[in-house]
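Welcome, and please open the structure in your viewer. We will go from one selection to the next and see what is there.

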Amino acid sequence: MNDLESFGLFFEDFAVRDLRVYADSMGGVVKHYRDNAGLECDAMVHLEDGRWGGIEIKLGGDDLINDGAESLKRLRDKIVEKSDEKAPSFLLVLTAVGGAYKREDGVYVAPINLLRP
């Protein structure tokens, strides 16, 4: 608990592992995204039928959740505007703790313990 940065990195790795298990059960894959402008996404879930969603993984807290949501919206706008890609089926800030809700901007926030395949 004295090193939240390291703990956050461990949490992100475990969350991606769980997301891969869930995506695999639906015939999907999970990838990390980073472009040459520094825009990144912790996990992008791609399903065989072309649907996709972006996930930012944060321990929690309003500031981190807001940062994650803003990053996801920038990613969505860039991908949809500059390619033939469909809009994402969802954008999610995945947290360690807290409640689940949909923000006014359409980004979902949910704790990892609510994930189900």
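## First stop: a pair of strands

Begin by selecting Val 29 and His 46: Val 29 sits opposite His 46, which belongs to β2. Keep in mind that this is a predicted model. Now widen the selection to β1 and to β2, residues 40-46; these two strands pair in the antiparallel sense, with five bridges.

## The whole sheet

Next, show every strand. Six of them make an open sheet, and their order is β1-β2-β3-β4-β6-β5, with mixed pairing. Which strands stand at the edges? They are β1 (29-34) and β5 (101-102); each has a single partner strand, so one side of each is left without a neighbour in the sheet.

## Two helices across the strands

Select residues 4-25 to bring up helix α1, which lies across β1, β2, β3 (52-57) and β4 (90-95). Against β3, helix α1 runs at about 160 degrees. Then pick helix α2, residues 62-82: it lies across β1, β2, β3, β4, β5 and β6 (108-111), and its angle to β4 is about 155 degrees.

Zoom in on Val 45: among the residues it touches are Ala 23, Val 30, Trp 52 and Ile 55.

How values were computed: Residues numbered from 1 in each chain as written. Predicted model: local features only at pLDDT ≥ 70, side-chain atom pairs only at ≥ 80, totals over all residues. Heavy atoms only, no water. Pairing = 2+ DSSP bridges. Helix = DSSP H or I, 4+ residues; strand = E, 2+ residues; numbered from the N terminus. Contact = heavy atoms within 4.5 Å. Axes fitted to C-alpha atoms, helices over the stretch in contact; angles between N-to-C directions. Lists of a residue's contacts leave out its neighbours within four places in sequence.
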